[in-house]
Amino acid sequence: MRGFIIKEFYHIFRDIRSMVVLFGMPVIQVLLFGFALSTEVKNAPVAIIDHSNDQVTRAITSKLLSSGFFILADQVPGEDHIEEVFRHGKVKEVIIFESDFATKLEKDRQAGIQVIADASDPNTANLLVSYTSAIVSDYQQEYLKGMSLPVTVKTETQMMYNPALKSIFMFVPGVITILLMLITAMMTSISIAKENEMGTMEILLVSPMRPIQIIAGKVLPYVLLAFVNALIILLLSYFVLGMPVKGNLLLLLAESLLFIVMALSLGIFISTVSKSQQMAMMLSMFALMLPTILLSGFIFPIENMPLPLQVISNLMPPRWFIIIVKSIMIKGLGFHYIWKETLIIAGMALFFIALSIKKFKVRLG
Amino acid sequence: MPIIEVENLVKKFGSFVANDNLTFSVEAGEIYGFLGANGAGKTTAMKILCGLSSPTSGKVMVAGYDVAKQSEMVKQRIGYMSQRFSLFEDLSVWENFQFFGGIYGLSKAKIKERTSELLGRLGLESEKNQILGSLPLGWKQKLAFSVSIIHQPSIVFLDEPTGGVDPITRRQFWEIIYETASQGITVFVTTHYMDEAEYCQRVSIMADGRIVALDTPANLKAKYNAANIEEVFLKIARN
């Protein structure tokens, strides 16, 4: 058994391709998702048409520009040119103050600001508009201070668990899940398919080793490597991306180990149904990667999916693991809150193991 | 004393009969040639003898154990070399010996001893640390054979061991086979080279899942009135 594991490590460490997949990918993915794929909007170019140019509009403008969300883009000569600047894509939002803004505010107790956003990217447009109205209403409150006024209703929002709305909070659990899934399921299925393809599996089966020992020998090194990977990702997201680990780290690691075992049994199952390494790779890529990314709630919220897809997403193991990771890392919840998800993953692992054993026996018979 | 005893072996895949009532035996220390055209059922029978597949009916005893019931005991006592080259290409020669010795439960010292013995016989000691993938096919085949007998089995099954190998290496290969048999290891070999069949002590020829001829090469040639085994084979295969 020990020899088996040593041999498997030789295979991995002598193949540059698998080394890159194993250790390059986690680092690159974490950094990519952490830095490049951010849903926050920073420094959006905004144009301001100020027909009044008094102290109130100037105050609001400077408040907007100092918020960090906006930077001032080129001047827009007038309303007729708005479409033109949007078409060039240089400006994401245009803010128009009506004339005599301060005077109207004083006399009529109301004045208008028009906000026009480029909604060809609806998410960004939405965010920008809500940032703008938040900043304006913030100014309004300062302005009203010291004035005796009619009753105003004030909404106070609080973003629990992620007050800064950092997108890293969303991506890190997803990246951990994808990588664990990919590395363990893909690497094991490929390495077992390779033994089948090369004919070495036959030699192993003729030997006194039991099939279960052979599989365990193939799989254990990947458990170890996937676990090391999980640690690398966690360390990177903690130290480089500032992702918190509020809950119990040991619980998180134990849950990761369970998920790794699940992914491995899925990998073994894939290898029993594929005839070659290529097929194992394709199956892992298309059968695992795409659903993991699309249906697990990693990028697209499950609540927004059409009902059939919501039902299918229940079958995706990553969906449950993402919930577990989020609960532990971000919310700091204990096992008490995630036992159901844990049970689902454990059940899936058992299911795939049973299926693989059955497949394996059929092949031998 | 026969080391392989097969009585009325039948193997069916659905309605297809791959092995139709095979009965034969192989004596200890014998070199037994197992011939037949492609698709005659050789590989199926060989897989059953090795415990890779189970018979539909019939009795198969290998090294004194029933293959169907005591396959673990059988597996300890047999070696197997498949027609596909099947050592690990990305491991060195020594690592391959170490690994396969390990899965047969040999001690470290024993693996060392056997490796230097086997490599010495092939004259490949200096290649001990070479990565296997970089060696020529003929050498790899010889190494695969050495690996299959590293645990000193009672029987070694060779499935077309000389496929794709040059004539000189084939000749050397058969010298090694003789040497192995002289040490008391029974050799059960399939081949498509009929000149190799002449080297066997007895051969059987399969057609359509049945053994149609089984005797020494000399007797077979006399019986079928043929100059060599190739002619015997063609006469049988064409009927």
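Author: A helix here is a DSSP run of H or I with at least four residues, and a strand is a run of E with at least two. By that rule, chain B has nine helices and ten strands. The model is predicted.

Reader: What makes chain B as compact as a globular protein of that length?

Author: Set its radius of gyration against the globule rule, 2.2 Å times the number of residues to the power 0.38. The rule gives 18 Å for 239 residues, and chain B has 18 Å, so chain B is as compact as a globular protein of that length. Its C-alpha trace spans about 50 × 40 × 35 Å along the principal axes. Buried residues make up 42% of the 239 residues in chain B. Of its contacts between residues at least 6 apart in sequence, 67% join residues at least 24 apart.

Reader: Why is A:Val46 called buried?

Author: The cut-off is 20 or more other C-beta atoms within 10 Å. A:Val46 has 23, so it counts as buried. It lies in strand β1 (residues 44–50) of chain A. Leaving out residues up to four places away in sequence, A:Val46 touches A:Phe70, A:Leu72, A:Ala73, A:Val91, A:Lys92, A:Glu93 and A:Ile95. For scale along the chain, A:Asn196 is 150 residues away from A:Val46, with 60 Å between their C-alpha atoms.

Reader: How do you know that the span of helix α13 of chain A agrees with its number of residues?

Author: The expected span is 1.5 Å times one less than the number of residues. For the 15 residues of α13(A) (residues 317–331) that gives 21 Å, and the end C-alpha atoms are 21 Å apart, so the two agree.

Reader: What makes α13(A) largely enclosed by the rest of the structure?

Author: The burial count. 13 of its 15 residues are buried, so α13(A) is largely enclosed. Just after the helix, A:Gly332 takes a positive phi of about 70 degrees.

Reader: How do you know that β1 and β2 of chain B pair?

Author: Pairing needs at least two bridges. Eight bridges join β1(B) (residues 2–13) to β2(B) (residues 16–27), so they pair; the strands run antiparallel. B:Glu27 in β2(B) is the bridge partner of B:Pro2. The two strands form a hairpin with two residues between them, and B:Gly14 in the turn has a positive phi of about 65 degrees. β1(B) also pairs with β4(B) (residues 57–62), antiparallel over five bridges. There, B:Val10 stands opposite B:Ser57.

Reader: What makes β6 and β10 of chain B stand at the edges of their sheet?

Author: Take the order. Six strands of chain B form an open sheet, β6-β7-β8-β3-β9-β10, with mixed pairing. β6 (78–81) and β10 (210–215) each have a single partner strand, so one side of each is left without a neighbour in the sheet. Neighbouring strands are turned by 15 degrees against each other on average, direction ignored. β6(B) runs parallel to β7(B) (residues 155–159), joined by four bridges. B:Tyr80 has B:Phe157 as its bridge partner in β7(B).

Reader: Which helices of chain B pack on this sheet?

Author: Among them are α1(B) and α5(B). Helix α1(B) (residues 42–49) touches β3 (31–36), β7, β8 (186–190) and β9 (202–207) of chain B, and its direction makes about 155 degrees with that of β7(B). Helix α5(B) (residues 137–148) touches β6 and β7 of chain B, at about 160 degrees to the direction of β6(B).

Reader: How many residues does each chain give to the contact?

Author: Chain A gives 19 residues and chain B gives 22. On the chain A side, the elements with two or more residues are α1(A) (2–14) and α8(A) (200–206). The largest share, six residues, comes from α8(A). By residue class, the chain A side divides into nine nonpolar, six polar and four charged.

Conventions: Residues numbered from 1 in each chain as written. Chains lettered and ligands numbered in written order. Predicted model: local features only at pLDDT ≥ 70, side-chain atom pairs only at ≥ 80, totals over all residues. Buried ≥ 20, exposed ≤ 12 C-beta atoms within 10 Å, placed from the backbone. Contact = placed C-beta atoms within 7 Å. Axes fitted to C-alpha atoms, helices over the stretch in contact; angles between N-to-C directions. Nonpolar A, V, L, I, M, F, W, Y, C, P; charged D, E, K, R; others polar.
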